[in-house]
Amino acid sequence: MTVAIGGRLAASDVVAVAGGAPVSFGEDARTRVRAARAVIDDAVASGATIYGVTTGFGALAHTRVDPADASSLQHG
């Protein structure tokens, strides 16, 4: 069973993916992710303060992260 990502997911879908079921990611979902990514990219480029994107997490929430390091922060 392939689980389609981009619409409503049932609990059984989540369980299936956790168990290794393949996932399909439709073009509608890709379009929405690209739009959301553009919002974040624009905010980072403008110097906006966004918790966990341009700042650290938790106790480091008031520590600014250089825009050049924002991607690394997300991967960490």
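Tutor: One term before we start: a residue is buried under 20% relative accessible area, exposed over 50% and partly exposed in between, with a 1.4 Å probe and protein chains only. Keep in mind that this is a predicted model, where local features need pLDDT of at least 70 and side-chain atom pairs pLDDT 80 or more, while totals for chains, interfaces and linings use all residues. Numbering starts from 1 along each chain as its sequence is written, and side-chain values use heavy atoms, leaving out hydrogens and water.

Now the overall layout. Read from the N terminus, their order is β-α-β-α-α. With a radius of gyration of 16 Å (taken over C-alpha atoms), the protein is well over the 11 Å that the globule rule (2.2 Å times the number of residues to the power 0.38) gives for 76 residues, so it is more spread out than a compact globule. The C-alpha trace spans about 45 × 25 × 20 Å along its principal axes. Of the 76 residues, 20% are buried.

On to your charges. There are 6 positive side chains and 7 negative ones (Lys and Arg against Asp and Glu, with His and the chain ends not counted). The centres of the two sets lie 5 Å apart, placing each charge at NZ of Lys, CZ of Arg, CG of Asp or CD of Glu. Side chains of opposite charge can pair when their charged atoms come close. A search of the whole structure turns up three salt bridges (a side-chain nitrogen of Lys or Arg within 4 Å of a carboxyl oxygen of Asp or Glu).

Take Asp-28 and Arg-32, whose closest N and O atoms are 2.4 Å apart. These two sit four residues apart in helix H2 (residues 27–46), which means about one helical turn separates them. Asp-28 is exposed at 53% relative accessibility, and Arg-32 is partly exposed at 42%.

Further along helix H2 you'll find Asp-41 and Arg-37, again four residues apart, with about one helical turn between them. Their side chains meet in a salt bridge at 2.8 Å, N to O. Asp-41 is partly exposed at 36%, whereas Arg-37 is exposed at 51%.

The remaining bridge joins Glu-27 to Arg-34, with 3.0 Å between the closest N and O atoms. Glu-27 is partly exposed, at 48%.

Then there's Asp-13, which lies in helix H1 (residues 11–18). Asp-13 is buried yet has no salt bridge, and the nearest side chain of opposite charge, Arg-8, is 10 Å away. Leaving aside neighbours within four places in sequence, Asp-13 is in contact (heavy atoms within 4.5 Å) with Met-1, Val-3 and Arg-8.

Although Ser-24 and Val-3 are 21 residues apart in sequence, their C-alpha atoms are 6.1 Å apart in space.
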